[in-house]
Amino acid sequence: MSRFVLILGLLFGLLGGLAAATMVEWVDHPRLRAHVSVQPNGGALEQFVIRLPRDRIFDSGAPGGLPARFPADVELPSNLPAGVHIEQFKLRDREGEVIGVAARHTQTLAATTTAAWVLYLPGRGSLMLHHVEPSSGIADELNRRGLSAGTAWNGEVRLQRTAGPAVEGRGQVSGGSFEFARHTGSYAETWRLTGIDTEGQLRGTIELDTLTVLDE
Amino acid sequence: MKYFMLFVVGLLLGALLSAAVLWFNPLTAESPTAPVLGHGISAELHTSLRSEDAPLLTHGGERLLLTRPASVPELWEDLIRPMIASVQWLRDAEGTVIGTASRLGAYSRQTDPLRTGVIVESTWLLSVDGAGMAFAVQRENLWPMLKEVMLPALLRREPWQGDLHFTPAAGPRPDGAAQLLGISGRLAGAEGQLVSTYRISAFDPRVGPTGLEWYSVLSLPQAEVAVAGE
């Protein structure tokens, strides 16, 4: 009888330990309700917002200093590939809550500048976007308005950054992971700038308006 | 009372046995075979945790991992606290910078000590000089590295030094490789794979890994690239 009770306890301990190991939710990312509106003709609209300068994490700096390198103490190698600009931001929903982190790269090849985004939302997965940039970059647009690095400016500028490859000059949604793995669609990227400080840091918002459908 | 005590002793022994099963669990061990790379175009990319390779490294402040540079914003907000964000310079075998990468990741909800291991889910944005840009979705099982290096160093409270290689490939492709999707240039539209191997040489229980390098192979089928380039 003693041996039976000992073995019974051992089995309970072994199976209970293994069951706990697999049933406990070791990673549980908190998530907010997604602010998605469904279109009558199909597709889901969702807006992501970045507030400048407070949401900046990293900026490799654009030629001409607009926008400027951030953080100021970041060390970049002198032999960086030309024509590449890297940015990372905290990402908000339309209500202003921080819900993820976004990375944006631009690269110029054969006179065409392509921009790509990864929007990483821990509770939902990552969403991958890319678009062709207009022929003039942000620095060009600002320079055209007489703005340059080292000069403070206040005002209002709206810059549409998407110029294809999807219809109506929108960018392309290319899926992602988890919730977004089978999402396709289009998006618009809009910069609404309200100022630049003397160090070349921009003030304003970046809006990403996505329209996605599930790829069957 | 005697039987209750015996049951409790059995329960404790069973719990210890389950811990041993989890420690030596073959389901969460490193796969003995690395993913097979497809035929076509391939490129070897190398980066590390050194400041000259990783100018940006940030997280929620609770991880055993250094942040860089000193003034980098922490990911302190509730929803992004589990995340790690980094910028990496990618080098070829000669050490020349041939590309850049942003890596965003977090521990995955698929983490399960019995069936999958400690899973980290990352999405990469890669810019390869002269070739174009690509996305990569990568799932890695870090349990073998935690078990061999980090947990022993943390338990002993002593720095670890050595030279171990791990290929923690865990998907999302069926062969365990990361899923690669070309965006622009010669990579536009191509679907391929990315396989990363970690080389760990130093771990300090106070600051985390101090010697860590990645060797990644990016592979794309030739035919798809040729079609995309036409």
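Reader: How many helices and strands does chain A have?
Author: Helices (H or I, at least four residues) and strands (E, at least two) are DSSP runs, numbered from the N terminus. This is a predicted model, in which local features need pLDDT of at least 70 and side-chain atom pairs count only at pLDDT 80 or more, while totals for chains, interfaces and linings use all residues. Residues are numbered from 1 along each chain as its sequence is written, and chains are lettered from A and ligands numbered from 1 in the order in which they are written. From the N terminus on, the order in chain A is α-β-β-β-β-β-β-β-α-β-β-β-β, which gives two helices and 11 strands.

Reader: What radius of gyration does chain A have?
Author: The radius of gyration is taken over C-alpha atoms, and the globule rule is 2.2 Å times the number of residues to the power 0.38. For a compact globule of 216 residues the value would be near 17 Å. The C-alpha trace of chain A spans about 90 × 50 × 35 Å along its principal axes. The radius of gyration of chain A is 23 Å.

Reader: How many residues of strand 6 of chain A are buried?
Author: A residue is buried if 20 or more other C-beta atoms, placed from the backbone, lie within 10 Å of its own; it is exposed if 12 or fewer do, and partly exposed in between. Of the 216 residues of chain A, 38% count as buried. Strand 6 of chain A is mostly covered, and the number of buried residues among its 10 is eight.

Reader: Which residue is the bridge partner of A116(A) in strand 7 of chain A?
Author: Two strands pair if DSSP finds at least two bridges between them. Strand 6 of chain A runs antiparallel to strand 7 of chain A, with eight bridges, and the two form a hairpin with three residues between them. The partner of A116(A) is H130(A).

Reader: Which residue in the turn between strand 5 and strand 6 of chain A has a positive phi?
Author: These strands pair in the antiparallel sense over nine bridges, and T108(A) stands opposite T113(A). Their hairpin has two residues between the strands. The residue with a phi of about 50° is A110(A).

Reader: Which element gives the largest share of the side of chain A that touches chain B?
Author: Two residues are in contact if their C-beta atoms, placed from the backbone, lie within 7 Å. The contact takes 57 residues from chain A and 63 residues from chain B. Elements that give two or more residues to the chain A side include strand 5 (98-109) and strand 6 (112-121). The largest share, 15 residues, comes from helix 1 of chain A.
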